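Hi everyone, thanks for coming. Please bring up the model on your screens, and we'll walk through it together.

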Amino acid sequence: MTASARFVGTASLLVATLCHAQSAPQPTDAAAAHSPVIARNVVLVHGAWADGSSWAAVIARLQATGLHVTAVQNPLTSLADSVAETRRILAQQNGPTVLVAHSWGGTVISDVGDDPRVSALVYVAARAPDAGEDFVALSSKFPTMPVRAGIETHDGFTTIKEDAFLNYFANGVAHDQAQVLYAVQEPTAATIFSGRTSAAAWHTKPTWYAVSKQDETISPDLERFLAKRMNATQVELDAGHLSLVSHPKEVSDLILAAAGRTPAK
């Protein structure tokens with residue numbers, strides 16, 4: 001073969017290789033984002049009218065897999081206070097950490113999830129505001145949930161009346177257990193719901209979302225909208241608002257997926 005023939009053959013092969021590389025399917029940003037890092041820790045943030053004990057059944061399942069788990073005792077006095085407490089707990093984590101929130105706690109993890117320790121975000125029937133977003137205005141575009149009629153305000157803090165708590169906030173939870181949760185509900189500052197975040201970590205972190213199909217506190221359609229907007233890996237649970245209590249296995253499995261681990265049996 002002449003030198004010129006070899007040159008032509010080599011050039012043709014190079015062109016073909018480059019054309020194939022340009023036309024071959026490339027991984028999307030979403031696909032790359034949802035390749036989970038193997039996490040060592042899980043930090044759980046509870047929502048309004050609750051405390052850290054609401055995660056009890058989920059904690060036990062996660063600990064059984066060897067994960068280090070911490071539940072933030074969210075003060076619910078202001079967004080700034082809740083953010084500060086969550087950042088304090090994150091600072092104590094050694095290695096990649098999955099940050100998880102229920103309900104209003106989603107506002108907190110959206111704001112602090114940019115912490116470099118956070119490898120993934122998990123939202124459980126949770127708010128997920130964009131940076132600076134008026135979430136009250138966004139929520140008004142969806143059906144008003146029945147729990148709102150049971151909210152009372154005393155000295156600037158809100159609680160839920162017993163009948164509304166049992167029937168709407170804790171629907172799907174065993175009655176005796178729901179009564180205990182009612183007894184330990186944490187009063188929540190009335191101003192907390194209008195707080196606006198300065199960041200939205202779900203734009204840059206891999207994200208998972210558990211929709212509660214029977215939710216009567218946050219509209220399931222709003223939850224679906226939020227999950228779709230953040231391009232989250234989404235599951236739908238046949239549960240009320242407190243799916244972390246009524247469906248701990250399903251919620252734990254979602255967290256384990258975000259942690260890059262095999263679901264517990």
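The buried residues of α5 are covered by elements that include β1, α4 (79-90), β3 and β4. By contact I mean heavy atoms within 4.5 Å, and helices (H or I, at least four residues) and strands (E, at least two) are DSSP runs, numbered from the N terminus. Before I go on, this is a predicted model, where local features need pLDDT of at least 70 and side-chain atom pairs count only at pLDDT 80 or more, while totals for chains, interfaces and linings use all residues. Residues are numbered from 1 along each chain as its sequence is written, and side-chain values use heavy atoms, with hydrogens and water left out.

Buried here means under 20% relative accessible area, with a 1.4 Å probe and protein chains only. The buried residues are G105, G106, T107, V108, I109, S110, D111 and V112.

Now let's look at its helical neighbour. The axes of α4 and α5 come within 9 Å and cross at roughly 60°. Axes are lines fitted to C-alpha atoms, for helices over the stretch in contact, and angles run from 0 to 180 degrees between N-to-C directions. The two helices are therefore oblique to each other; that label is what remains once angles under 35 degrees (roughly parallel), over 145 (roughly antiparallel) and 65 to 115 (roughly perpendicular) are taken out. Which residues meet there? On α4 they are L79, S82, V83, T86, R87 and L90, and on α5 they are T107, V108, D111 and V112.

On to the sheet. Helix α5 (residues 105-112) lies across β1, β3 (97-102) and β4 (118-124), at about 150° to β3. The sheet is open, with six strands in the order β2-β1-β3-β4-β8-β9 and parallel pairing; two strands pair if DSSP finds at least two bridges between them. At the edges sit β2 (68-72) and β9 (233-237), each pairing on one side only. Neighbouring strands are turned by 15° against each other on average, ignoring direction. Strand β1 (residues 41-45) runs parallel to β2 and is joined to it by five bridges, and N41 stands opposite H68 in β2. Helix α3 (residues 56-64) also packs on the sheet, touching β1 and β2, with its direction at about 160° to that of β2.

One more helix pair to finish: the axes of α7 (residues 162-169) and α8 (residues 175-183) come within 10 Å and cross at roughly 130°. That makes α7 oblique to α8.

Technical notes:
Buried < 20%, exposed > 50% of the residue type's maximum accessible area, 1.4 Å probe, protein only.
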